[in-house]
Amino acid sequence: MIGVMEISILGSLSGSSGTSLIDGVVSEFAQLRDEGFRRIWMTQMPYEPDLLTVLAVALREVDTIEVGTGVVPIQNQHPMQLAQRALTLNLISGGRFILGLGMTHAAVTEGMWGIPWDRPVRRLNEYLDGLLPLLAGEPADAAGEIYTTRGAVQVPAAPAPPVYIAALGPQLLKIAGRRTAGTVTWMTGPKTLSEHVGPGLRAAADGRPVRVVAALPVAVTDDVDGTRAQAAEQFAMYGHLPSYRAMLDREGYAGPADAALIGDEATVTARINELSAAGVDEYVGVVFDRSPEVRDRTRALLRTLDNT
């Protein structure tokens with residue numbers, strides 16, 4: 001039986017058929033809230049609408065549920081700009097916003113934006129030097145080689161939104177452990193979470209409470225082979241991006257389909273229990289099957305298992 005691990009769910013920026021994107025997100029948030037989910041995580045892909053703008057509407061329209069970004073890339077916006085946007089969302093939502101940040105990938109940063117992907121450790125540290133004081137309602141005075149942030153923002157900051165870092169390598173895990181609320185992972189299995197991610201994060205935290213949030217695909221189904229084929233197709237690119245490929249290799253997975261939690265209720269429950277035993281504080285279910293029946297069945301199990 002799962003202990004204190006929370007179970008959340010990944011939302012989507014895709015509007016349903018016949019519905020505008022904004023209305024679709026609002027409807028999805030309301031449905032997930034009414035089903036009993038307490039937190040939704042949302043991704044920002046480089047080709048999608050601006051996530052934080054969409055969340056400004058959704059958080060205003062739908063009450064009580066918390067929303068985290070998993071994750072917003074840092075390279076294409078200044079720390080002060082992101083602080084303004086995050087604090088504004090926190091103000092709109094009454095403190096229900098969680099800011100997950102990431103370094104994105106060289107193919108996006110350099111290939112699409114023309115921004116160097118070098119010196120990731122320095123880049124992230126300098127970004128946080130500017131961002132974290134602003135989120136706490138304090139002025140920033142950080143002069144760096146990559147980012148310089150000076151001044152204050154006039155947006156109420158009580159309470160400050162928690163910050164999570166998409167950290168997989170040891171150096172970024174140290175930053176997340178020392179400076180933030182924790183890490184958000186993707187395509188990372190229980191062996192890697194228990195032996196690499198959790199220990200690295202918590203050692204750097206030096207007794208300060210930090211959290212491991214782990215997102216993995218999930219489908220409760222009787223058609224295991226067909227659903228694995230779907231997972232292999234939908235998540236194929238994560239088998240090639242270097243950071244995720246390293247996590248799959250560390251786990252001994254041939255590809256992303258191996259990371260997916262697929263099977264009947266008993267099988268998926270056992271896989272989720274493995275995550276809890278690996279020290280995960282929050283599991284984010286990425287419900288991916290195209291069948292509405294499978295999606296409903298999967299969400300029902302996730303809600304049953306969340307006993308926090």
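Predicted model: local features only at pLDDT ≥ 70, side-chain atom pairs only at ≥ 80, totals over all residues.
Residues are numbered from 1 along each chain as its sequence is written, and side-chain values use heavy atoms, with hydrogens and water left out.

Gly70 and Val71 are joined by a cis peptide bond with an omega of about 5 degrees, and Val71 belongs to the loop between β3 (66–69) and β4 (72–73). Thr104, although not a glycine, has a positive phi of about 50 degrees, and this residue lies in the loop between β5 (97–102) and α4 (106–109). Asp206, likewise not a glycine, has a positive phi of about 55 degrees and is found in the loop between α7 (190–205) and β10 (211–220).

Accessibility was classed by relative accessible area, where buried means under 20%, exposed over 50% and partly exposed in between, computed with a 1.4 Å probe on protein chains only. Thr104 has a relative accessible area of 22% and is therefore partly exposed, while Asp206, at 70%, counts as exposed. Tyr283, in strand β12 (residues 282–287), has a relative accessibility of 0% and therefore counts as buried. The C-alpha atoms of Tyr283 and Ile7 are separated by 4.9 Å, although these residues are 276 residues apart along the chain. With contact taken as heavy atoms within 4.5 Å, and residues up to four places away in sequence not counted, the residues that Tyr283 touches include Met5, Ile7, Ala214, Leu261 and Leu302.

Helix α1 (residues 21–35) packs against helix α2 (residues 51–61) at an angle of about 45 degrees, with the axes 9 Å apart; axes are lines fitted to C-alpha atoms, for helices over the stretch in contact, and angles run from 0 to 180 degrees between N-to-C directions. The two helices, α1 and α2, are therefore oblique to each other, because angles under 35 degrees count as roughly parallel, over 145 as roughly antiparallel, 65 to 115 as roughly perpendicular and the rest as oblique. Residues making this contact include Leu21, Val25 and Phe29 of α1 and Val54, Ala58 and Glu61 of α2.

Technical notes. Helix = DSSP H or I, 4+ residues; strand = E, 2+ residues; numbered from the N terminus.
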